[in-house]
Amino acid sequence: MTAMVLYCALGWAVFLALHLALNGRWWPWLAVSLLPPVALALVPLALLAAAGVTGGRLAAALAGGCLLVAWPQNGINLRGLLPRGPEEDGLRLVSWNTQHWNQGGDPDRFYAFLRALDADVYVLQEYLNGFEGGEVWDIDDEERLRAAFPGHHLAVGNNSVTLSRFPPAGPPVPVGACSLRVDLRVGDGVLSTYNVHIPVQLTVMNPLRPAFLRDVRRRAAARDREYAALVADLRGNPHPVLVTGDFNTSAAIGDIRRMPRSLRDAIGVCRAVLPASWNARARLRLWRIDWAFTGGGARVGSYRFRAAEGLSDHLVQELTVTV
């Protein structure tokens, strides 16, 4: 039994070494890195427990090392256990992937839900219709949006919608092919909001078919282009920034390391220990693929995920921001 636990620990250590070396650097590993991030903590913890029972010191050392090395990628937010003071006031913002803009649903219920969020700024993704297989259709719901949010300014582009009570400081700026930057006049300054939607990693199909790897490679290249465009725009932006949306990237996927180190992940003020935003329709949610970052003097005062009431497979990100 001791030998079996040791072999399992060795196997996990080899896998983890490959993961750390190839994740975010070799496109085929993109499919492997879709594992639930919390597995990077649960597996070594289970090995530690087994080693404790069997007395395997080497297995325990390997498991403990794996737990520590992979900790930044397991998605666990221990800061959620810390006591919090009162939440700070600020600009109220929601960010949400609408899952094809209420396709096939009740539009009255969809718009009632949006209005009930009562945000100063709405950052909404997937302003389009489509179906599994990749084909999508542009839509035009601007008239209804303006009627539903008369006190908001509307910006549409790259299949994204930004609604804001604050006036724009300039025209919306497409970033890559899937994201939208909108500069807002907030007080005496400007806050740049980035409405982000990074392409998904793969299409669900038989992984043994050659078409599967071709699809993963094509999507990896598209993701590279979108991240490169986003990072380039951020580095040239002199304003405070809020970067949020559907990154289709978990903590276990190396792509998230491409975000500039000058940005701060909003998860630091979240009260959830295991924050997850997908799949909103499942009882057990294991992936956080929706993110929010601030930089340049912008700061998040509160951050939480809210139920989407069955309207999307993504939870809603709610946060307050001060500049």
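The model is predicted: local features need pLDDT of at least 70, side-chain atom pairs count only at pLDDT 80 or more, and totals for chains, interfaces and linings use all residues. Residues are numbered from 1 along each chain as its sequence is written, and side-chain values use heavy atoms, with hydrogens and water left out.

**Entry: salt bridges**

I noted that Glu318 forms a salt bridge with Arg304, the closest N and O atoms being 4.0 Å apart. A salt bridge here is a side-chain nitrogen of Lys or Arg within 4 Å of a carboxyl oxygen of Asp or Glu. The pair links distant parts of the chain, with Glu318 in strand E14 (residues 316-322) and Arg304 in strand E13 (residues 299-306), 14 residues apart. Helices (H or I, at least four residues) and strands (E, at least two) are DSSP runs, numbered from the N terminus. Arg304 is partly exposed at 34%.

I then checked how many salt bridges there are by this rule. The count comes to 16.

I found Asp118 in a salt bridge with Arg92, with 3.7 Å between the closest N and O atoms. Asp118 lies in the loop between helix H6 (107-116) and strand E2 (121-125) and Arg92 in strand E1, so the pair ties together parts that are 26 residues apart in sequence. Asp118 is partly exposed at 39%, and Arg92 is partly exposed at 35%.

I also looked at Arg144, which forms a salt bridge with Asp108 at 2.5 Å between the closest N and O atoms. Arg144 sits in helix H7 (residues 142-148) and Asp108 in helix H6, 36 residues apart.

**Entry: cysteines**

I searched for disulfides, taken as pairs of cysteine sulfur atoms within 2.5 Å, and the structure holds 0. Cys66 is buried at 7% relative accessibility, whereas Cys178 is partly exposed at 23%.

**Entry: the loop between H4 and E1**

I placed Asn77 in the loop between helix H4 (57-69) and strand E1 (91-97). Is Asn77 buried or exposed? At 3% relative accessibility, Asn77 is buried. Leaving out residues up to four places away in sequence, Asn77 touches Ile267, Cys270, Ala272, Val273 and Pro275; contact means heavy atoms within 4.5 Å.

I found Leu78 in the loop between H4 and E1, partly exposed at 45% relative accessibility.

**Entry: strands**

I read strand E5 (residues 153-157) and strand E6 (residues 160-164) as an antiparallel pair over 5 bridges; two strands pair if DSSP finds at least two bridges between them. Gly157 stands opposite Ser160 in E6. The hairpin of E5 and E6 has 2 residues between the strands, and Asn158 takes a positive phi near 50° there.

I traced an open sheet of 6 strands with mixed pairing, in the order E7-E8-E9-E10-E12-E11. Its edge strands are E7 (173-175) and E11 (264-265), each pairing on one side only. E7 pairs with strand E8 (residues 179-186) in the antiparallel sense over 3 bridges, and Pro174 stands opposite Leu180 in E8.

Key. Buried means under 20% relative accessible area, exposed over 50%, partly exposed in between (1.4 Å probe, protein chains only).
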